[in-house]
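These are my notebook entries on one protein structure. I record what I looked up, together with the cut-offs of each term.

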Amino acid sequence: MPRFSVIVPAYKVQAYLHECLESVLEQSCPDLEIIAVDDCSPDACGAIIDEFAARDARVRPLHLPENVGLGRARNAGLGHARGDYLLFLDGDDTLTPDALRSIADRLKETSEPDVLVYDYARTFWSGEAVRNRLAGQLTEQGPAPFRLEDRPGLLTMLMVVWNKAYRRDFVERAGLTFPPGLYEDTPWTYPALMSAETIATLDRVCVHYRQRRRGSILGTPGRGHFDVFDQYDRVFAYLDAHPELAHWRPLLFRRMVDHIATVFTRRGRLPRGSRAEFLRRARAHYARHRTPGAPVRARVRLRHALIRLGSHRTYRLLSLGSRLRRRALRSTAGLRRRVREAALRLHYRVQLRLPLRADHAVFSSHDGRGYGCNPGALESAFRTLVPHIRTAWIAYAEHHHTVPPATRRLRPGSAAYWTALARSTYVVDNAGLGLRLVKRPGQVVIQTQHGTPLKRMGLDLQDRPAAARDTDFAALLRSADTWDYCLSANRHSTLVWERVLPSGYTTLEYGQPRNDVFQQATAADVARLRESLGIPESSVAVLYAPTHRDYRRGQLHTLDLERVLRRLGPRYVLLTRAHPSYGGPLAQGSGGRLIDVSDHPSVEALCLAADALVTDYSSIMFDYANLDRPIVVYADDWEAYEAARGTYFDLRSFPPGAVARNEDELIDIFATGHWRGSRSAQLRAAFRERFCPHDDGHAAERVVRRVVLGERSGLPAVVPLAERRPAPSAASARPAVPLTTSPSVQVPVPDAPPLTHVPSPGAGAAAPVTPDGL
């Protein structure tokens, strides 16, 4: 008896059926069967199913003699299913990799519930994938399994059958079947959730729900959309037959009205001439099933009034009034915005005609995300070495607290912002500020970049559409034309920048100013940082900082972080930092030995606190190597990353330490001590020699002395690698940690780093011009 029965009805989906069936058969959990139902499809669906059945015994073909529709085709598949759990997958949708393994693990963790609800993402014909916006309902925090009364918010999600796994004996006991007609999921999913004794959730995208450009059933006009009334009659009939579920009536009534209103207001569903009839039936249904106690949100009251009144003419009048009001508000707001923009443009033009201020410098990092990175280190050096120059920092208001008190704060787009761009002699940036800058004679623009490039950048993205997306390469070159100086950490970076962003700037191969702190910080600084992060004194702290993926819209979760921690043992703490472009953490929960530091303002502070780094293809490895601490590369998707983005060298052939290709190899590297062994040290030494020749703690000083003070000779000599003494690791003097397991303990997450005598640079953001800071 298989663990899963995946029922796949197929009708006119020949273009997608191969991908659908392959996504199931290629799952890492092979204990399954596919009941592939050919609903008398006039295209090649039946032949495709037979081809798959001939090559894989897990595919069980079922050919129906006549077309019966999606619901009855699923019923036919139910009669042949033998698995412990039933899953439904439409013939044009797909399972995500390892989805069944995740489902199986979650079922085991939650004591085999009647129903497991998992997440999905809409995948559009354009390639865009958008996760379900109500994914927060699927949190795995709290007791599990549970009943619907404990998590009624699950009923607010899309009521579809294919984002759930159902225990087969529960389905048989509850007598669940699919009715004929459209919206057939409605009379299945509501009764299933309300009747289930045990429910659990899995906060993971397991299904890609294809949004076809044309040809989907719900997007085709026809009288079949009137079936929505019969389906809700069936739902309320189920409640009548089960009085113990009567308390769900108010919520179901509200959901019914929402659904009927959606069918009516979505263009392309109802055929011409049928809208008035549809509203008359909607009004009758409203009266028949009306149940007091169902609060209606303000923004959908008009839609509910439409169904209650059942008058198309009244609805059109109300809609017209609402549209006119919104249009008036938008017009007023738009007029105010245009007037303000015109005033600011005029202000900027006036400021451009006034003299430059020789004692003013303006700085920006990552388009206003906050104080830090190379511009932050240079701003600090300006205040120390050339205190007569007044510095200003561009940042959005929510990041102003990161700016030192002695530095003026400027909000992007304000009059003061345009004044600073027009009249400051020195402009320092690490991203795309030059796109908005009118370069003046005598103005000095320093492009600091924000990392050593491993992935392809600039003009090298012209043949990489997945990575370039809508990049304006001409604008990139115009921005580079405003630069007077471009900073570089090493010869590799120099050669890349001058080739992929060619212009007349001067390259200063002086090192990365943001890495000066690694040579300046002390053991006391490291201890203080670790304490602020909640890292126990005797722990080994591992920083996990992956980069973003151009071939994915959402964040990549290829590591089971909790499992890794369990396998490594109680003395390990995992600091997880998501790439800022994703806007969310890597770990769903934070605390104990798993600490999310995605919002921490200083990547450098995190590097100082960590005893080891685990990353993939992020430029953070080039910075962390300056600390001469262990680095492990987790390259589980190198081929996909290389195909989408492209790299300048094969990291697997020239790594800064041990390389893991999967989760088990990563665990083994730490378990055996290879992460801090002699071979890893040799690899790191070669890596540092190539990529860290100038990061000796004096990079910012060299830049200021050369650019501002005009010194060409007498700059601080580069300290050889062998003579550098970077901040020591807290675990450097301890023996290797044995592999054990232990439960987690609660540890708070800090709000900000305590390192006050040096700048607190922030994380980098993904951009086509410069490498990411993570």
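I began with burial: of the 774 residues in the protein chain, 56% are buried (under 20% relative accessible area, with exposed over 50% and partly exposed in between; 1.4 Å probe, protein chains only). The model is predicted, so local features need pLDDT of at least 70 and side-chain atom pairs count only at pLDDT 80 or more, while totals for chains, interfaces and linings use all residues. Residues are numbered from 1 along each chain as its sequence is written, and side-chain values use heavy atoms, leaving out hydrogens and water.

I next looked up the accessible surface of the protein chain, which comes to about 32,800 Å² (Shrake-Rupley method, 1.4 Å probe; for residues, only the protein chains shown count as cover). Carbon and sulfur atoms hold 51% of this surface.

I then noted 25 helices and 22 strands in the protein chain (DSSP runs, H or I of at least four residues for helices and E of at least two for strands, numbered from the N terminus).

I turned to a nonpolar surface patch of about 310 Å², made by Phe-124, Trp-125 and Val-130. Patch residues have over 30% relative accessible area and no salt bridge; nonpolar side chains (Val, Leu, Ile, Met, Phe, Trp, Tyr) are joined within 5 Å, like charges within 9 Å. A salt bridge is a side-chain nitrogen of Lys or Arg within 4 Å of a carboxyl oxygen of Asp or Glu. Val-130 lies in strand β7 (residues 129-131). Why does Val-130 count as partly exposed? Val-130 does so because its relative accessibility is 35%.
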